[in-house]
Amino acid sequence: MNVSEEIARKLELMRDALHETGAAGIRLRGTDWFAWATAGGSNTVLLAAETGVAEVLVTDEAAWILTDEIEAQRLKDEQVPADAGYQCHVSPWAQSRDREAFVRETTSNGKVLSDRPTQAEAALPRSLLHHRRIMLPGELERYRQVGRLASEAMTEVLTQAQPTWTEYQLAGAGAEALWARGLHPALTLAAGDQRLPLYRHPLPSGETIGRQAMLVFCARGSGLIVSLTRFVCFGGFTAEDKQLHRTIAEIEAVALKHSQVEAPLNEVYNALATAYEQQGYPHAIQEHHQGGTAGYGAREIVATPETSDRLAANMILAWNPSIPGAKIEDTFVLNADHSLENLSFDTHFPHVEIEGWLRPVPLER
């Protein structure tokens, strides 16, 4: 399936949603949905924004990229293939009313569905949300590339890191390594020896790393997000440290084992809760979310005790169990035969086998 075929399939899915709901059009504003609809195109300029500089509009008869005169030529040249099935509607950047008038005219003032609906619009149907979470062949190939690049960037940074670096420097080196490979650093967390046991989401600080550090990536490429966590230790890796990392890998193995086609996410969550308790950490599952499905969001669905959504073949999974001082995280695709393919694993990084899966251990320096 090439890019044009992939986009044609997605236009078909969007038109199925129109028929299902009786809507006249679908309008996609988010950076995630734009990437999905254009087979990896980007409408992002400001990395922190959820929406971008262009939108997708689809009706029964046609499909458009809605943008302004600042962005149109670049999008045509670099983001949306000419044979992709989209026309381009260009509005003056200072006249947003022009775009709104075009949408009303094109949809004959009918019902419009949107990923970020305004008061006059309706939300996307669950059926389309479900389709987005199941990767097509081209998406899986792009995911493998993003995962390979992200894991290589992680290995490079932790191989070069120094105990005298601050957390800012570690996170900055991570962001630089991702940018150098054409990936957006959607998230870089870093914690040194002092802050590592204290916080599950350690935003980088000016603290010196010291004896050990954790680095976390959410790397975005072609709109797809790969999540991974790794550790480095500068000598003095104790037996207690090793046991912490072994324990969290064994807890994660329970989640991986239960990640089967048709398994409900709350079943995996409950299995994790039991595993924490058996390992002597009965409250850990309440101290951080455990992950869930991934894709065009770092997490599409976060598993909870109430999450009854079922896993399907070609869904992406990213579990991130943690205990004070240790965490483990990679991004997997669930195959039709129930096997898991690790998309973010670099064999050059130290690893061991846990319950049949190769899992990372801290890099000792």
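In what order do the six strands of the open sheet run? The order is β4-β3-β2-β1-β5-β6, with mixed pairing. Strands are DSSP E runs of at least two residues, and helices are H or I runs of at least four, both numbered from the N terminus. Two strands pair if DSSP finds at least two bridges between them. β4 and β6 (122–123) stand at the edges; each has a single partner strand, so one side of each lacks a neighbour in the sheet.

The model is predicted: local features need pLDDT of at least 70, side-chain atom pairs count only at pLDDT 80 or more, and totals for chains, interfaces and linings use all residues. Residues are numbered from 1 along each chain as its sequence is written, and side-chain values use heavy atoms, without hydrogens and water.

Strands β2 (residues 51–58) and β3 (residues 63–68) pair in the antiparallel sense over five bridges. A54 stands opposite T67 in β3. Helix α4 (residues 96–106) packs on the sheet and touches β1, β2, β3 and β4. Its direction makes about 165° with that of β3. Axes are lines fitted to C-alpha atoms, for helices over the stretch in contact; angles run from 0 to 180 degrees between N-to-C directions.

H89 lies in strand β4 (residues 87–91). H89 is buried, with a relative accessible area of 16%; buried means under 20%, with a 1.4 Å probe and protein chains only. Beyond residues up to four places away in sequence, H89 touches W64, I65, L66, T67, D98 and F102. Contact means heavy atoms within 4.5 Å.

Conventions: Buried < 20%, exposed > 50% of the residue type's maximum accessible area, 1.4 Å probe, protein only.
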